[in-house]
Amino acid sequence: MSAVAEAIQSALPKHGVIKDGHPFFNAAVGGDDRGTAGVPFVLRACQITIREERFALRRDGSVLFGVLELAYGESKDGTAALGLRTANDKSMSIQICAGLAVFVCDNLAFRGDLIALRSKHTSGLNIREELATAVLRFQEHFERLVGEIETLKEKQLTDVEAKALMHDVFAGGSHARPPLP
Amino acid sequence: MPVRLFPDASQAYFEPQLPDFEPRTMWSLHNAFTTAAKVMPMSTRLPAIQSVGKMFGMSSEGERERT
């Protein structure tokens, strides 16, 4: 069993959350019995090593969240992180997003865009092909994220602007617009 | 982001513990939010950080806004 699969297994409650014969968490994240599918396999195929992995289940056990810290795109700021979520109750497809694990403070930054696999819970789903496409898109999104972070670093804020942005974030974004020029 | 984290985010930005985040920039403010979000469980933390990213223009929507 892979480290990822072990992490999932240890996170699962004893009664199990894999319902209706859909071992979807394992298919999406841990790979199949031969280790020939799932995100780790596809990342390895792209020569990307997983440095650290963290998983959590939603309280009702239906949604799995994961963060894979990768040996990819490393800079003085941090290294690439892949955020992942998937459900086994047919409520969502496998979704991943591009992020940065910041070295200096162990923070995580994620892009707002989700990369969703086209099919969900489809019996004939070629999970390996779908994930390979998703990982390629993840790499594109990560490159964009690096550029966006550089833009954020260059944008000076007055205290009034910072307070206004804090308000917008905590107010749920109802009054907010992306503040970059 | 839950409002209860407002004091933590505010302190992280206006009284930063790390010299890297002393400049009053958008990146420092973004890190103030993600620092405050560390106490959240992963199941709510990831969507919250994504939402913050979107509000900071880190999305295709932001790209369209800038063009």
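Okay, first a definition: two residues are in contact here if their C-beta atoms, placed from the backbone, lie within 7 Å. With that, take the chain A contacts between residues at least 6 apart in sequence: 46% of them join residues at least 24 apart.

Some housekeeping. This is a predicted model, where local features need pLDDT of at least 70 and side-chain atom pairs count only at pLDDT 80 or more, while totals for chains, interfaces and linings use all residues. Residues are numbered from 1 along each chain as its sequence is written, and chains are lettered from A and ligands numbered from 1 in the order in which they are written.

So what's in chain A? Five helices and six strands, with helices (H or I, at least four residues) and strands (E, at least two) being DSSP runs numbered from the N terminus. The order along the sequence is α-α-α-β-β-β-β-β-β-α-α. Chain A has 181 residues, and 39% of those are buried. Buried means that 20 or more other C-beta atoms lie within 10 Å of the residue's own, again with C-beta atoms placed from the backbone.

Now let me stay with strand 4 of chain A for a bit. Seven of its eight residues are buried. And which strands does it pair with? Pairing, by the way, needs at least two DSSP bridges between two strands. Strand 3 joins strand 4 through eight bridges, antiparallel; there A:Ala81 has A:Gly99 as its bridge partner. Strand 5 pairs with strand 4 over three bridges, also in the antiparallel sense, and here A:Gly99 turns up again, opposite A:Phe110. Then there's strand 6, residues 115-116, antiparallel to strand 4 with two bridges; A:Ile96 sits opposite A:Ile115 in that one.

Last topic, the contact between the chains. How many residues does each chain put in? Chain A gives 39 and chain B gives 38. On the chain A side, the elements giving two or more residues are strand 1 (49-57), strand 2 (63-71), strand 3 (78-87), strand 4 (95-102), strand 5 (108-110), helix 4 (127-154) and helix 5 (159-170). Helix 5 gives the most, with six residues. By type, that side divides into 24 nonpolar, five polar and ten charged, counting Ala, Val, Leu, Ile, Met, Phe, Trp, Tyr, Cys and Pro as nonpolar, Asp, Glu, Lys and Arg as charged, and the others, Gly among them, as polar.

Methods: A residue is buried if 20 or more other C-beta atoms lie within 10 Å of its own, exposed if 12 or fewer, and partly exposed in between; C-beta atoms are placed from the backbone.
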